[in-house]
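Please look through the structure shown here before reading on. The paragraphs after it go from the overall layout to single residues.

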Amino acid sequence: MVQNMVQSMTQSRPYLLRGIYDWLLDNNQTPYLLVDAEADNVTVPLEHVQDGKIILNISMTATRDLDLSNEAVTFNARFGGKPMMVYVPMEAALALYSKENGRGMMFPEEVDNEEPSLSPDPGQGKSKPPKKPHLTLVK
């Protein structure tokens, strides 16, 4: 019997997000974050949500106290003149891209604690192919 020796890894999304964010800033681009506004624990201005999604400008000039932690993107901002604390759990961050040219990254879907099987049975551990992500620009 083959033992499963693969340890569970942390999610890659926060690391990818921070890397793309730094790359965009280094290239004088405005980072826009596409968010699944219907995900659990998301706090965003609902009046700006379209089709369950919202695009947030997370540049240093548009936010205060921006924190790109492993758990969430948080910051303070003003929407329609009203201050708001925004909270986006990492699972709800769908993409980060440049306002100016659209270059950036859609984040891959990740499953918590998913561990691949090293089972010798070829029928075991098969899964459906992942859905292709698509990005729609909402203006």
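Two strands count as paired if DSSP finds at least two bridges between them. With that in hand, take the hairpin of E4 and E5 in this predicted model: two residues lie between its strands, and Gly80 takes a positive phi near 60 degrees there. Strand E4 covers 72-79 and strand E5 covers 82-89. The two strands run antiparallel and are joined by eight bridges.

Now step back to the whole chain. The protein has one helix and seven strands. Read from the N terminus, the order of elements is α-β-β-β-β-β-β-β. Of its 139 residues, 30% count as buried. The exposed surface comes to about 9,800 Å², and carbon and sulfur atoms supply 51% of it. Among contacts between residues at least 6 apart in sequence, 60% join residues at least 24 apart.

Next comes the sheet. Strands pair through backbone hydrogen bonds, either parallel or antiparallel. Here, four strands form an open sheet in the order E2-E1-E6-E7, and their pairing is antiparallel. E2 and strand E7 (104-106) stand at the edges with a single partner strand each, so one side of each has no neighbour in the sheet. On average, neighbouring strands of this sheet are turned by 20 degrees against each other, direction ignored. At one end of the order, E6 and E7 pair in the antiparallel sense over three bridges. Tyr97 has Gly104 as its bridge partner in E7.

Where does H1 lie? H1 lies across E1, E6 and E7, and runs at about 15 degrees to E6.

In soluble globular proteins, nonpolar side chains tend to be buried together. The largest nonpolar core of this protein has 24 residues, of which Leu17, Leu56 and Leu96 touch the most other members. Helix H1 (13-26), strand E1 (31-36), E2, E4, E5 and strand E6 (93-98) each supply at least two residues of this core. Leu96 shows how many parts of the chain can meet at one residue. Leaving aside neighbours within four places in sequence, Leu96 is in contact with Leu17, Ile20, Tyr21, Leu24, Pro31, Tyr32, Leu33, Ile58, Gly104, Met105 and Phe107.

The loops hold some buried residues too. Ser59 sits in the loop between strand E2 (53-57) and strand E3 (64-68). Is Ser59 buried or exposed? Its relative accessibility is 8%, and the cut-off for buried is under 20%, so Ser59 counts as buried. Beyond residues up to four places away in sequence, Ser59 touches Tyr21, Thr30 and Pro31. Ser59 and Leu24 are 35 residues apart in sequence, while their C-alpha atoms are 9.5 Å apart in space.

Thr63 is found in the loop between E2 and E3, and with a relative accessible area of 9% this residue is buried. The side chain of Thr63 reaches the backbone oxygen of Ser59 at 3.0 Å.

Thr30, one of the residues touched by Ser59, lies in the loop between H1 and E1. Its relative accessible area is 17%, so Thr30 is buried. The side chains of Thr30 and Glu100 are joined by a polar contact of 2.6 Å. Besides Glu100, the contacts of Thr30 outside four places in sequence include Asn57, Ser59, Tyr97, Ser98 and Lys99.

Two residues remain, and both concern the backbone. Most residues other than glycine have a negative phi. Asn28 is not a glycine, yet has a positive phi of about 55 degrees. The loop between H1 and E1 holds Asn28, which is exposed with a relative accessible area of 68%. Asn41 also has a positive phi, of about 65 degrees, without being a glycine. Asn41 lies in the loop between E1 and E2 and counts as exposed at 62% relative accessibility.

Note on methods:
Residues are numbered from 1 along each chain as its sequence is written. This is a predicted model: local features need pLDDT of at least 70, side-chain atom pairs count only at pLDDT 80 or more; totals for chains, interfaces and linings use all residues. Side-chain values use heavy atoms; hydrogens and water are left out. Buried means under 20% relative accessible area, exposed over 50%, partly exposed in between (1.4 Å probe, protein chains only). Contact means heavy atoms within 4.5 Å. A nonpolar core is a set of buried Ala, Val, Leu, Ile, Met, Phe, Trp, Tyr and Cys residues joined through side-chain atoms within 4.5 Å. A polar contact is a pair of N or O atoms within 3.5 Å; within protein, one must be able to donate a hydrogen and the other to accept it, and residues adjacent in sequence count only if both atoms are side-chain atoms. Axes are lines fitted to C-alpha atoms, for helices over the stretch in contact, and angles run from 0 to 180 degrees between N-to-C directions. Accessible areas come from the Shrake-Rupley method with a 1.4 Å probe; for residues, only the protein chains shown count as cover.
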